[in-house]
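I set out below what I looked up in this structure, entry by entry.

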Amino acid sequence: MRNLEPSAAPLAAALGLAELGIPILAAHHPTPVFGQGLAGCSCGQDCGMPARHPALGLTVADATTDPQRLTAWWRHGAGRWNLATVTGAAVDLVALADPRPAAEVAAWLRAHGVEPGPAPASAGSGSGWLVRPGHGELVLLPPSRLVGGQQLAWRTGPDADLPDPTRLYEVLAALPPPDELATWAAQQARGGAT
Ligand SMILES: [Zn+2]
């Protein structure tokens, strides 16, 4: 029953991945904007995370392998939702920040005795591999140094409380475009008057 071809309809792909034990979440999908192609988001808002945030009021905690829930979600969205997984519970993601070709990285892994797992291509970033949880995405923390010597610092914290991820997604989805955000931030710095 698995249908993991790239051309598979989203529901078929979701069911196939769920069968592999990868929890799936329905996410908003791109929509056409006049003159700009598929630049909009099915949430219908001026959205800062177009086609990359949960649909149907779902939260990251709703990711599931239950075929009945998945089927209901995609029937609800006329079959067009994007599909996402959520790292940390059943799967993690190991990502390479630099754009080394995935085929070359896969060959390197195999040459070193590691059969690579599923590797979703993500626009604008390098290779990423789904892995069993426990060895998740590597997030460098200060005071680590990057190649070239740049040292990482905290933008916030590190003693700040960790935010609720669902709320974070919601608010990031509503992030204004860069020029509007800059205007807004400048107004905030002047005391918030508009
Ligand atoms: Zn959106």
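**Entry 1: burial overall.** I began with burial and noted that buried residues make up 18% of the 194 residues in the chain. A residue is buried if 20 or more other C-beta atoms lie within 10 Å of its own, exposed if 12 or fewer, and partly exposed in between, with C-beta atoms placed from the backbone. I recorded that this is a predicted model, in which local features need pLDDT of at least 70 and side-chain atom pairs count only at pLDDT 80 or more, while totals for chains, interfaces and linings use all residues. Residues are numbered from 1 along each chain as its sequence is written.

**Entry 2: elements and contacts.** I found 5 helices and 6 strands in the chain. Helices (H or I, at least four residues) and strands (E, at least two) are DSSP runs, numbered from the N terminus. Read from the N terminus, their order is α-β-β-β-α-β-β-α-β-α-α. I then looked up contacts: two residues are in contact if their C-beta atoms, placed from the backbone, lie within 7 Å. Of the contacts with a separation of 6 or more, 62% are between residues 24 or more positions apart.

Entry 3: Strands β2 (residues 30–33) and β3 (residues 37–41) run antiparallel and are joined by 3 bridges. Two strands pair if DSSP finds at least two bridges between them. I noted that P30 has C41 in β3 as its bridge partner. The two strands, β2 and β3, form a hairpin with 3 residues between them, and G35 in the turn has a positive phi of about 80°.

**Entry 4: helix α2.** Which residues of helix α2 (residues 67–76) are buried? I listed L70, W73 and W74. Seen down the axis of α2, these buried residues fall within an arc of 90°, so they line one face of the helix. The arc is that of the directions from the helix axis to the C-beta atoms. On the other side of α2, I found Q68, R75 and H76 exposed. The buried residues of α2 pack against α1 (10–19) and β1 (25–27).

**Entry 5: A153.** I located A153 in the loop between β6 (128–131) and α4 (165–173). A153 counts as exposed because it has 7 C-beta neighbours inside 10 Å.
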